[in-house]
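Here is a short briefing on one structure.

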Amino acid sequence: PTLVIPFSVEQFFWGCCLARNVPPIPYAQLTAEKLASAIGLCMRPDSQNASKLLAEKVASMNGVSAGVDAIERNLPICDGRFKCEIYENQRLDPSSGSWTTKGLGEGCHKFSDATGRLRRSMQGYLLPKGWKWDGPWEFEKCAGVTDHEGWENSAPSELWESTPNVRRRRRWVRHRSADNSPDLRVGS
């Protein structure tokens with residue numbers, strides 16, 4: 001059994017989560033009598049048995065596998081492939097009438113994440129161990145949203161909204177999948 005004596009921030013929440021048999025005692029309300037009573041609850045056979053059953057249940061779980069499954073359910077994975085993305089950003093140079101990466105503005109980069117704020121690089125996009133690229137970087141086209149070269153004008157971002165139609169971006173994607181080479185398998 002666990003006795004929680006919370007004194008700040010999230011400890012009150014977790015104390016309540018753990019309070020199946022022994023309720024938490026906030027530090028400001030702690031007295032010798034309350035502490036002795038809570039310790040007595042911890043020592044009761046039903047509290048001891050409940051803790052033992054919970055420990056056995058937790059020991060039988062594969063927490064790492066469940067954690068990986070939970071993460072992968074929320075990642076852009078389709079058919080065992082993970083989609084990586086980088087955005088290429090440009091602005092219209094009013095003096096030449098051509099698109100350029102010069103003068104994009106503070107906090108905006110030639111290659112970035114979807115917000116335009118975080119610098120990215122196709123060459124610097126390193127694969128985690130156990131993954132392989134399934135092909136080269138390719139720009140995505142979306143009917144009604146991008147032109148034939150994948151450019152989207154006035155991207156929906158606060159960095160772009162102040163200057164509509166003078167900025168554009170293109171989404172580059174590359175897929176990766178697990179490398180099942182014998183030397184990369186878990187446990188080998």
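Is Glu85 buried, partly exposed or exposed? Glu85 is partly exposed, at a relative accessible area of 29% (buried is under 20%, exposed over 50%, partly exposed in between; 1.4 Å probe, protein chains only). This is a predicted model: local features need pLDDT of at least 70, side-chain atom pairs count only at pLDDT 80 or more, and totals for chains, interfaces and linings use all residues. Residues are numbered from 1 along each chain as its sequence is written, and side-chain values use heavy atoms, without hydrogens and water.

**Salt bridges**
- The whole structure holds seven salt bridges (a side-chain nitrogen of Lys or Arg within 4 Å of a carboxyl oxygen of Asp or Glu).
- Glu85 pairs with Arg171, with the closest N and O atoms 2.5 Å apart.
- This pair links strand E2 to strand E8 (residues 167-178), 86 residues apart (strands are DSSP runs of at least two residues, numbered from the N terminus).
- Arg171 is partly exposed, at 24%.
- A salt-bridge network joins Lys83, Glu85, Glu140 and Arg171.

**Nonpolar core**
- Seven residues form the largest nonpolar core: Phe82, Cys84, Ile86, Phe111, Met122, Trp137 and Trp172 (buried Ala, Val, Leu, Ile, Met, Phe, Trp, Tyr and Cys joined through side-chain atoms within 4.5 Å).
- Strand E2 (residues 81-93) gives the largest share of this core, three residues.

**Buried charge**
- Asp113 is buried without a salt bridge.
- Arg120, the nearest side chain of opposite charge, is 4.8 Å from Asp113 (Lys and Arg count as positive, Asp and Glu as negative; His and chain ends are not counted).

Methods:
Helices (H or I, at least four residues) and strands (E, at least two) are DSSP runs, numbered from the N terminus.
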